[in-house]
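Keep the picture open while you read.

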Amino acid sequence: MLEQSAQLGQRLARLRIARGIKQSDAALRAGLSRNTAYRIEHGDPGLALGQLLRYLNAIAPGSTLLDLLSESDPALAALAIREQSKRVRSLTPSQLSELDF
């Protein structure tokens, strides 16, 4: 149960980040305290399901729990693409000399 709560919280946090919403703004929209939003995103199993659903609706209005679990939100796909396309810096000459192949 703890693992499932943590996974649900992580998915909510990832969705919030993908949509570019601050945690405090999502909490305000949901009518929750920022501390409760923090607890939701960190998988606190003692929270009511209604609080989780209100938080989800504040982040992605009209989304269902099934949408969250299936990660079908287009913002999540865009976030995954942004994460994959991070640039890699070239090594400096001193870093290259330290590698000593």
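Q: Which residues of helix H4 (residues 49-59) are buried?
A: Leu 52, Tyr 55, Leu 56, Ala 58 and Ile 59 are buried in H4. Buried means under 20% relative accessible area, exposed means over 50%, and partly exposed is in between (1.4 Å probe, protein chains only). Helices here are DSSP runs (H or I, at least four residues), numbered from the N terminus. One word on the source: this is a predicted model, where local features need pLDDT of at least 70, side-chain atom pairs count only at pLDDT 80 or more, and totals for chains, interfaces and linings use all residues. Residues are numbered from 1 along each chain as its sequence is written, and side-chain values use heavy atoms, with hydrogens and water left out.

Q: Why can we say that the buried residues of H4 line one face of the helix?
A: Seen down the axis of H4, they fall within an arc of 160 degrees, so they line one face. The arc is that of the directions from the helix axis to the C-beta atoms.

Q: What covers the buried residues of H4?
A: The cover includes helix H1 (2-18), helix H2 (23-30), helix H3 (34-41) and helix H5 (65-70). Contact means heavy atoms within 4.5 Å.

Q: What makes H2 roughly perpendicular to H3?
A: H2 and H3 pack at an angle of about 110 degrees, with their axes 8 Å apart. Angles of 65 to 115 degrees count as roughly perpendicular (under 35 is roughly parallel, over 145 roughly antiparallel, the rest oblique), so H2 is roughly perpendicular to H3.

Q: Which residues of H2 and H3 meet?
A: Gln 23, Ser 24 and Ala 27 in H2 meet Arg 34, Ala 37, Tyr 38 and Glu 41 in H3.

Q: Why is Glu 71 called partly exposed?
A: Its relative accessibility is 42%, and partly exposed lies between the limits for buried and exposed. Therefore Glu 71 counts as partly exposed. Glu 71 sits in the loop between H5 and helix H6 (74-84).

Q: What is the phi of Glu 71?
A: Phi of Glu 71 is near 50 degrees, a positive value in a residue other than glycine. Most residues other than glycine have a negative phi.

Q: How do you know that the buried residues of H6 line one face?
A: The buried residues of H6 are Ala 75, Leu 76 and Leu 79. Seen down the axis of H6, they fall within an arc of 100 degrees, so they line one face of the helix. On the other side of H6, Pro 74, Ile 81 and Gln 84 are exposed.

Technical notes:
Helix = DSSP H or I, 4+ residues; strand = E, 2+ residues; numbered from the N terminus. Axes fitted to C-alpha atoms, helices over the stretch in contact; angles between N-to-C directions.
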